[in-house]
Structures are given as C-alpha cells and as structure tokens.
Amino acid sequence: MKTLSPFSDKWYFCRKERWWNQHNRRSSVAPFLLCSIILTSLFCLLTLYSTYYSCMGTIIPLDDKHVLDQNSTLLQHNNANVGKDQRCDLFEGQWIPDLNATSYTNYSCQTIPESKKNCFKNGREYVDFLNWRWKPQDCDLPKFDPKRFMEIVKGKKLAFIGDSVARNQVESLLCLLSKEGIPVVEFKDVDDRSRTWHFPNNNFTLMVLWTRFLVADEEIITNGTNSGIFNLHLDKIKIEWANKITDMDFAIISDGHWFFRKLYLYHNGVVTGCVYCNEPNITEKGLSYAIGESFRTAFRYINSCKECKKGVTTLLRTFSPPHFEHGTWNDGGSCNRTSPHHQLDEKSMEYILELRNVQFQEVERARMESFVKKKEDKRFEILDVTKAMLMRPDGHPGAFWGNKWMKGYNDCVHWCLPGPVDFWNQLLMAILQRNY
C-alpha cells in the first residue's frame, strides 16, 4: 500500500536521525522512540477518522457503483438502521440497473392471480422492466427479507384497505413471503374482493378490505342500469371496513382511482358540491378536495376508535399513478414503454403530485389531532410511492392482462407481478423495521 505523504516526510526524518546517531556511535534511542510514537498516534487517528466516516456513508457510499458484500457487518448495520437516520429520505431517489432485483417469478410464486397482474403468463415477453431497483439519494434500501418481516409481524394482524391497487400490493407481499410458507385462505367474499389469509407458523393474519372511496357511497341507478356515477357521503365512514379494523395492529390505507368519475358530494345528507359534474347549480369541488375529505374521515375514525388496539399503526400509501398514453382506458390509451423514466417530469404530472400532497396533509392533520387529543397510542405513517412510480411507465400489464371480457383495452393502472410494485413492500418493511 502506498504510504501517505504526511507520513513520508516524518519517516524520512526518523530514518535520517537514526542513521546519524548510529554513525556517531551514540547509544541513545530517544529520537527513534519519539518518532515511532508520533507515527503510531497519527495512524490510529487516521484509522478512527476513516472508520467513522465510512460508517456514516461519506467515504463508502452505498450506490450502484460500490457494491458491498450483503453479509458484511457494515451493510447489516445499515440495513438494521435504515429509516432511523432522519437525513435519508427513502422516497426521493432514482431507479438504477440491478439484474438481481427480483426475488420470485410467476412460476415460483403460487399465489399470483391468473389475470391482470400475471403479465408473463398472459404473453408479455420482454423482461427488462424487472432489472431495476429503487435507490434513495442518501442511503440504500435493503431487499425485502421475508424472515425478518415475519419476525416483525409475528402474532399480529395487518390489513390493506382500498381498491384493487391495494389488492395488487397484497399479492406482491404474498409472493415476497412465499419462501416463508404458503398461507391458508380463511375468508373471501362472493366477489373475491376482500380476503383473509393466515400464516399458521407465525400466527400472522393478512387481510385486504376492499373499498372504493373509504367513505359511504351509493351508485346512482338509471333505468335499472348502473350509471358509474356515485353519491359520496364525505362525513360518514364506510362501515364494511371500519368494523373490521378494530382488531388490527397495522392498517395500510390507499385509494384514489375511483374518484376519477362524476361524483356528488354530501355532508349531513345535503349535496355540497361535485366532481366532474359541470352543473350550474352545484359547486365543482375538484378531485383533490374529495380525496382529502375521504382520507380525513377515515383517519378521524381511527383516531376516535375506542375499540381499536393500543399502538395501532396506520400507513397511508400515496397515490399510484396510471400511465395511459394516446388516450384513456376506454378510448385507445396504452402503456407500451419498456424502461423507466430517468427523471421525473413534475410539470406534466402536477395533478398527480397534488393528490399526493393532499394525502400528506391529511396524515399530518391526523398526527396533530392525535397529539391534541392525547391519543399517543395511535401512530400515522406515510408510505410514499408516487414519485418513484411516476418514473415506471414500463411496469403495467398493458395489453397482457388476460381479461376476456374487455379485449382491446389496456391495463395501465395495475402493476405486473413480479414488477416495480414489489418496491412498495420493501418500503413497508423498512418503515416497520424502523418502529419495531
């Protein structure tokens, strides 16, 4: 190893003085001992300095150009503490190439549904979209560890509450946990929208509770036909999921896609506005308003829930963006890209980021109300996927979703399994590991 230049001068000085002493046949060794002490001290200080800043991520950055042994002590330390370092924002970063990003296939995971998300079974051939992983700016997001996840949730109950995209995340989680065992299906409703799974080896219960809007809703029927237009009672909780949350330890709440339609908004049984109605006698409230009010009602219910478990953690998974191009879902829109965007075009996606910001505001409001009401046993967290997923137009089923009733339509809302949706559960594990 090449000697550092500050040491070189001192070493030369010591050697010169020692030669001079020997040349003059002097027996004193004090100068040599003094130089040795100086060198040893400097070396120790330099070693401590280097070790400290390596652990802090200054000298050894955990990025795609510096791959560390996953079994090394340093990386285990970073993985164990990911999320604890407040300087690292897990939600800001970029997608980088990684040929080992996927831990399962549609063959190894037995719980992938036949349609919608099983893209390869439905004919998708290009696989490049799998070879990317999310890299936060200032740290490394560890891969999903099914054994560690099961240690965290052992003996607990976790519910995903939301629409079919929430179900998408559940199905990803089931695949990621498949190495720890296949769960037993304990319940499913008539339409197979809500399900309960149980992992007997860990006494872990996983649920998906399907709901369109989180709040009470009713579809308007016109001439005996479903209109696709809804009345939303923004001040009333949807009781079907609310009644089941009292037994939960963790609740991941997510919704949004059903709001993109004509809605009439109610408070106290009276119409107070609408979304996409374009009627002169009703105030257009807008999409963000309707979503914000719905999440607010959901969080207030949880905050005031006396029957809920102490220490219940509620996570809001932010809005998952669709990627229709050249039209919408019913007029020729498609999503045929095969690689991620390298930069986030925030200007073209302002309305998506606005929805995300509204959701952030409601989580902060819930935290404040919990503090004011001294409900310290209620915890609210953010599972922010919006910016990362805006960069992944390549991860949707597109034409490869196998729906025989809607041939010719593309699915640019849900996500392939395996695929970038698995990253959501990496984030979930990192957040749970930080708190438990």
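How many salt bridges does a search of the whole structure find? The search finds 23. The model is a predicted one. Here are some of those salt bridges, then disulfides and surface patches.

## Salt bridges

Side chains of opposite charge can pair when their charged atoms come close. One of the pairs here is Lys387 with Glu92, at 2.8 Å from N to O. Lys387 has 14% relative accessibility, so it counts as buried. Glu92 is partly exposed because its relative accessible area is 24%.

Asp217 pairs with Arg212. Their closest N and O atoms are 2.9 Å apart. Buried means under 20% relative accessible area. Asp217 has 12%, so it is buried. Arg212 has 19%, so it counts as buried too.

Arg296 and Glu293 also form a salt bridge, with 3.3 Å between the closest N and O atoms. Both residues lie in helix α7. They are three residues apart, or about one turn of the helix. Arg296 and Glu293 are both buried.

Some salt bridges join into a network. Its members are Lys117, Arg167, Glu171, Asp192 and Arg195.

## Disulfides

The structure holds six disulfides. One of them joins Cys109 and Cys175, with sulfur atoms 2.1 Å apart. The angle about the S-S bond is -80°, and the link is left-handed. Cys109 is in the loop between β1 (93-97) and β2 (132-136), while Cys175 is in helix α5 (residues 164-176). That puts the partners 66 residues apart, in distant parts of the chain. Cys109 has a relative accessible area of 4%, so it is buried. Cys175 has 1%, so it is buried as well.

Cys119 is joined to Cys416, S to S 2.0 Å. The S-S torsion of this pair is about -95°, so the disulfide is left-handed. Cys119 lies in the loop between β1 and β2, and Cys416 in the loop between α9 (386-390) and α10 (422-435), so the link ties together parts 297 residues apart in sequence. Both Cys119 and Cys416 are buried.

Cys335 and Cys412 form another disulfide, with 2.1 Å between the sulfur atoms. Their torsion about the S-S bond is about -95°, so this link is left-handed. Cys335 lies in the loop between β12 and α8, and Cys412 in the loop between α9 and α10, so parts 77 residues apart in sequence are tied together. Cys335 is buried, and so is Cys412.

## Surface patches

Which residues form a negative surface patch? They are Asp345, Glu346, Glu350 and Glu354. Asp345 is in the loop between β12 (313-317) and α8 (350-372). Its relative accessible area is 45%, so Asp345 is partly exposed.

A nonpolar surface patch is made by Phe260, Tyr276 and Tyr351. This patch covers about 300 Å². Tyr276 is found in the loop between β11 (270-275) and α7 (287-303). Tyr276 counts as partly exposed because its relative accessibility is 46%.

Technical notes:
Residues numbered from 1 in each chain as written. Predicted model: local features only at pLDDT ≥ 70, side-chain atom pairs only at ≥ 80, totals over all residues. Heavy atoms only, no water. Patch = residues over 30% accessible without salt bridge, like charges linked within 9 Å, V, L, I, M, F, W, Y side chains within 5 Å. Areas by Shrake-Rupley, 256 points an atom, 1.4 Å probe, with all protein chains shown as cover. Salt bridge = Lys/Arg side-chain N within 4 Å of Asp/Glu carboxyl O. Lys, Arg positive; Asp, Glu negative; His and termini not counted. Charge placed at Lys NZ, Arg CZ, Asp CG, Glu CD. Helix = DSSP H or I, 4+ residues; strand = E, 2+ residues; numbered from the N terminus. Buried < 20%, exposed > 50% of the residue type's maximum accessible area, 1.4 Å probe, protein only. Disulfide = S-S within 2.5 Å.
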